[in-house]
Amino acid sequence: MAGRLEGKVALVSGAARGQGRSHAVRLAQEGADIIAFDVCRQLDTVPYPLATPEDLAETVKLVEELGRGIVAGEADVRDSAAVQALVDGGVRDFGRLDVVCANAGIGGVVENTWSITDEEWEEMIAVDLTGVWKTVRAAVPAMVEAGNGGSIVITSSAFGLKGMPGATHYVSAKHGLVGLMRSLANELAPYFIRVNSVHPTGVNTPMIVNEFMAQALLSADGSFSLQNALPVEMVEPADVSNAIAWLASEEARYVTGVTLPVDAGYLQR
């Protein structure tokens, strides 16, 4: 039985590990060839280890084991020329682009809003908001020119819909993605390109499961502070990937401009 994305090509940013790797593999399982990239180096204000070239190579291996093609490279979402070159190369190799999964992002926890440094604020906004815009900007012309329609799915956060003390720079970037998504949904509707955002609670990935974030997210009583209504501390990457696969498929062909929580009923604190 053919997958829901058979014959399609999907671009995935932040694909070396975590949610990005999961999305690349899930879309490949549905039949898509993959264009993938990740920064694969440490950024100045990120307090936990980021992905490595070896992580990206593992994503390539997993996609190829599914019998799908993949074009992968190292690129920083803040680098317009690098992102554009990678997208253009993938489109040349595969002949089309149908799905954009703008997933790349960083996290961070601070004491309060007024303690955020210029560097922390600027890097967070540059990666988590401006980098998504640069990814979409690089991809949209090829999608429009092909005339096949398509789907853009932007990874925001539960904190893109609600507040969170101690992470105002992250919350601001993720809220900004909702405005970007809604504007794009209107602009791209005439081309039958749908644009939606997904909003996970904490996800079981290296961005959350590391020594720094574990300490930062502990409540005063020592419990994990993500407050989900369902009795789970975190969702799995596959849970988000399944939502993205549906949004990218023809099953969601009339769904656009939607904020889709994958948040286990996250409760406002």
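How many cavities of 30 Å³ or more does the structure hold? The structure holds one. A cavity is defined on a 1 Å grid over the protein atoms alone, as a set of points where a 1.4 Å probe fits but cannot get out. The model is predicted: local features need pLDDT of at least 70 and side-chain atom pairs count only at pLDDT 80 or more, while totals for chains, interfaces and linings use all residues. Residues are numbered from 1 along each chain as its sequence is written, and side-chain values use heavy atoms, with hydrogens and water left out.

**The cavity**

Helices (H or I, at least four residues) and strands (E, at least two) are DSSP runs, numbered from the N terminus.

**Nonpolar cores**

A nonpolar core is a set of buried Ala, Val, Leu, Ile, Met, Phe, Trp, Tyr and Cys residues joined through side-chain atoms within 4.5 Å. The largest has 47 residues, of which Leu 11, Leu 97, Ile 106, Ile 152, Ile 154 and Val 195 touch the most other members. Elements that each supply at least two residues of this core include strand E1 (9-13), helix H4 (118-146) and strand E6 (193-200). A second, separate core of 27 residues includes Ile 70, Val 99, Val 240 and Ala 243.

**Buried residues**

Buried means under 20% relative accessible area, exposed over 50% and partly exposed in between (1.4 Å probe, protein chains only).

| Residue | Relative accessible area |
|---|---|
| Cys 40 | 8% |
| Cys 101 | 0% |
| Glu 123 | 8% |

Glu 123 is placed in helix H4. Beyond its neighbours within four places in sequence, Glu 123 is in contact (heavy atoms within 4.5 Å) with residues including Asp 44, Arg 78 and Ile 106.

With a disulfide taken as a pair of cysteine sulfur atoms within 2.5 Å, the count is zero. Cys 40 is in no disulfide, and the nearest cysteine sulfur, that of Cys 101, is 16 Å away.

Terms used:
On a 1 Å grid over the protein atoms alone, a cavity is a set of points where a 1.4 Å probe fits but cannot get out, and a pocket is an open set with protein on both sides within 12 Å along at least five of seven lines; lining residues have an atom within 4 Å of a point. Grid points are joined across faces, edges and corners, and a volume is the space filled by probe spheres set on the points.
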